[in-house]
Every structure is written in C-alpha cells, then in structure tokens.
Amino acid sequence: MDANPSDKASPSMIVKIWGNRGSIPAPQADEEILEKVALGVHGTINRLSGQESVKSLFGKESPTLDDVTDYVVRNFPRSVRGTYGGETTCAEIQAVDSPLQMIDAGTGARKLGGLILRRLFTEGNINPLNTVPEYSKLLDLWLTHYHWDHIQGMPFFDPIFVPRGIDIHVHGKRDARKRLEEVLAGQQQYPNFPVVWQDIPADVKYDEMLRMDPVPRQRGKLTVTYREMSHPDSSFTYAFEVNSKKFVFATDCEIKGIEDARLIDFSRKRENGKAVGNADAIYMDAQYLPDEYKGGNPKAVTGALPKIDWGHNTYEWCVVNALAAGIPLLVLGHHEPKRGDRGLEELHQISLEFRDKLLRRPEHAGKRLDIVMSYQGLELKL
Ligand SMILES: [Zn+2]
C-alpha cells in the first residue's frame, strides 16, 4: 500500500518514519538495484509487445521524464521502483501545539536532524503543527532502549552540534548500572568518534523514567505514556495521545504468540481511568517469519539459528495483538536486515492472508484491520 492510509486535511498528529530497519543498517546492494531496473524494463517491454502502445502507457507518443516517472510510480510496487529503506529505527511525531517528538535515534536520525535545522533556521519553529512559542525550539527524544540500532544515529544528528539552537530532552529507562547520559557518551568515547559527548554544544536534559512506576509525561497538548515490554534488558513501548488520537510505537518487544494483556491494556484510550476506545494506529516489530523464529532451516533468509529470546516478533503475533486490541491500522516495522524489498512485500502479503483467516473467526466479527509495510518516508496522519 503506497497511499497514506489515514490521510486527513487537518491532522492532530503526523507520524513520519525515518528508519525502520532492525539490528543494523542495510544499504541496497548493486545486484538488488540491477534487479529492480531489469524488472521495470522487462515489465514495460512485455506490455509494449502485447496490446499496449507508448501512448496508452505514458499518455503521449513522446513522454517526458516526468511522464515516465509517473508511469513507474503508478505501475510498479515499491520493491521495483524504490525501497523500504535501510536506515535503523527513527520516527518523528508532529503533534498540535506541542514540542517536536522523536522516537529513537538510529541512523534514520541523520536526515531528520538536517530537516529539523532547516525548520529552525527558516521558520524558527521545528514542529509545523505547533503554534506555541515556548515549544518552537524544544525536541523530545524517547528512547525505547539503548541497543545500538536505536542510538547509533546520535553522533550524526546535526542539532547536537548547534549551540543555543534546540533544547533536547532525552527520555529513557532508568538503569541502575548506567546513567542515561553515560549511555549516549559511551558510543562517542575516544577513540571511536572525534567529538566526545561531553563536548557537544547543544543543551541536553535527561529524564530517567522508572520501569515499575510509569508516570505519564505531558508535553504541550500531547500526553506520552510508556510500558516496559519483553526484550533482552527490556524495552519501553510508547503511546502518544492528543485530541483523542492515539498512536502506539511497539518495537523490539517479543510477545511469544499470546494476546499480550500489557500491550492490549496499554493501547486503550482512557478518560478518568475508564477505557473509552482503542488506539488509532500501532507500529510493531515484525522482524521474523514463524519458521525463522523457530530456526532449524539453513535456507531461511535469517539462517538456521533459532531467534527465541532475541527480543523480536513474528508478523503473526503483530496481527493477533492488533486485532485483539481493536486497533484499525497496523504498521509492520523493524525489518530483518537480511530481507530484501521483495521479501518484505511477500511478508506483507502473507500477513494480509493471515489477517483474513483470523477475521473469519466469530470473535473478530465486524472488525477491520489495515496492515501497512513500513517504509522510509511513510506518513500517518491521525
Ligand atoms: Zn532494534
């Protein structure tokens, strides 16, 4: 699905994905790009040698480059005309009249950082949906956990190098063994990076959040809540709620085949403590196929090693939990770095078939669930 699944004229919140690759960046290889070009050319030749003409395909006898681009976008899946992306986890949330929100700082943070500085120096306001002056240069970064693929973009996040530019509030799990500041400083220690964390000029504040006592954070009009989930050393799943719109970001959590009561309860919208509805959308880690998780097949994309307790889901658990929680839109992310773009489209297809099978069960009668494969640049408007 390429269209924005929830396009609205005046959204309360815009979620944008800047990185969705799990574990390690996965740039495109030469042979993958060659395959895309060959598939596109081959498909077009097949159509021209059949009933179609240049005019019927492109709208005119001598198409311009723009006409050809338009044809490619209309006729080929993302696996042929583009990519789902190789940057590790990073997402941006613009919410009305709130500081700009960012989830994780994987390598996707590099390009987001450039855009934030452009907004700062041209508009003086880094969140396009914000009209409150005191939030215009304030950024909240919510770390799900401290594994490398979720923080490795930080040394290349340009706003940290600008003095008196943006106030950055970093929120993450309180850890008895290491302070949050030490976690970020650790990856820039001599001799691994030319600028040690202690020398960066930006104003950074730290919010170490308790695993056992998850107190909501109010950030302008936006309410941010969190819940600890299962992952090696645990991870936080976050929810962002404004104007009765709720988005849940649940990456690097291993649900193990159950309807997870923690996640389902956490996804409910509440008023005065009472559940009044369900989240509007959820992003979930869908790194594995069931066979890859169990292991034993040397021909599997991920090899024969079992992935039990590595902290990630199969797509089936994502579908089961989105349906159980009554959430109408599921975004599958944290893509396996060994899975190519065509493999991601196959995973999307089998997740739709699995959903359809579950929807035929009486307990899901009347439910609806859209499933989108996350790609770099995906925007959800809620
Ligand atoms: Zn990860």
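Strand S14 (residues 329-333) is largely enclosed by the rest of the structure, because 5 of its 5 residues are buried. The model is a predicted one. Burial applies to both faces of S14. Leu-329, Val-331 and Gly-333 are buried on one side. Leu-330 and Leu-332 are buried on the other.

S14 has strand partners in S13 and S15. Strand S13 (residues 281-285) runs parallel to S14, and 4 bridges join the two. Strand S15 (residues 370-373) is likewise parallel to S14, again through 4 bridges. Leu-332 takes part in both pairings: Met-284 stands opposite Leu-332, and Leu-332 stands opposite Met-373 in S15.

In general, nonpolar side chains tend to be buried together in soluble globular proteins. Beyond its neighbours within four places in sequence, Leu-330 contacts Ile-282, Met-284, Cys-318, Val-319, Ala-322, Leu-369 and Ile-371. Of these partners, Ile-282 and Met-284 fall within the range of S13 (residues 281-285).

A separate topic is the open sheet. It contains 7 strands in the order S6-S5-S4-S3-S2-S1-S16, with mixed pairing. Strand S6 (203-209) and strand S16 (379-381) stand at the edges. Each has a single partner strand, so one side of each is left without a neighbour in the sheet. From one strand to the next, the twist averages 20°.

Several loops carry backbone features of note. The loop between helix H6 (180-186) and S6 contains Pro-191. The peptide bond from Tyr-190 to Pro-191 is cis, with omega near 5°. Ser-244 is not a glycine, yet its phi is positive, at about 65°. Ser-244 sits in the loop between strand S9 (235-242) and strand S10 (245-250). Ser-244 counts as exposed because it has 12 C-beta neighbours inside 10 Å, and the cut-off for exposure is 12 or fewer. Asn-272, also not a glycine, has a positive phi of about 50°. Asn-272 is placed in the loop between strand S11 (268-271) and strand S12 (274-278). Asn-272 is exposed, with 5 other C-beta atoms within 10 Å.

At the level of domains, the assignment divides the chain into domain 1 (13-28 + 84-381) and domain 2 (30-81). Their C-alpha centres lie 35 Å apart. Contact between the domains takes 7 residues from domain 1 and 5 residues from domain 2. The side of domain 1 that touches domain 2 has 2 nonpolar, 2 polar and 3 charged residues.

Thr-44 lies in helix H1 (residues 30-48), within the bounds of domain 2 (30-81). Thr-44 counts as partly exposed because it has 19 C-beta neighbours inside 10 Å, whereas burial requires 20 or more. Thr-44 and Arg-368 are 324 residues apart along the chain. Their C-alpha atoms are separated by 36 Å.

Methods: Residues are numbered from 1 along each chain as its sequence is written. This is a predicted model: local features need pLDDT of at least 70, side-chain atom pairs count only at pLDDT 80 or more; totals for chains, interfaces and linings use all residues. Two residues are in contact if their C-beta atoms, placed from the backbone, lie within 7 Å. Two strands pair if DSSP finds at least two bridges between them. Axes are lines fitted to C-alpha atoms, for helices over the stretch in contact, and angles run from 0 to 180 degrees between N-to-C directions. Domain bounds come from an automatic or database domain assignment. Ala, Val, Leu, Ile, Met, Phe, Trp, Tyr, Cys and Pro count as nonpolar, Asp, Glu, Lys and Arg as charged, and the others, Gly among them, as polar.
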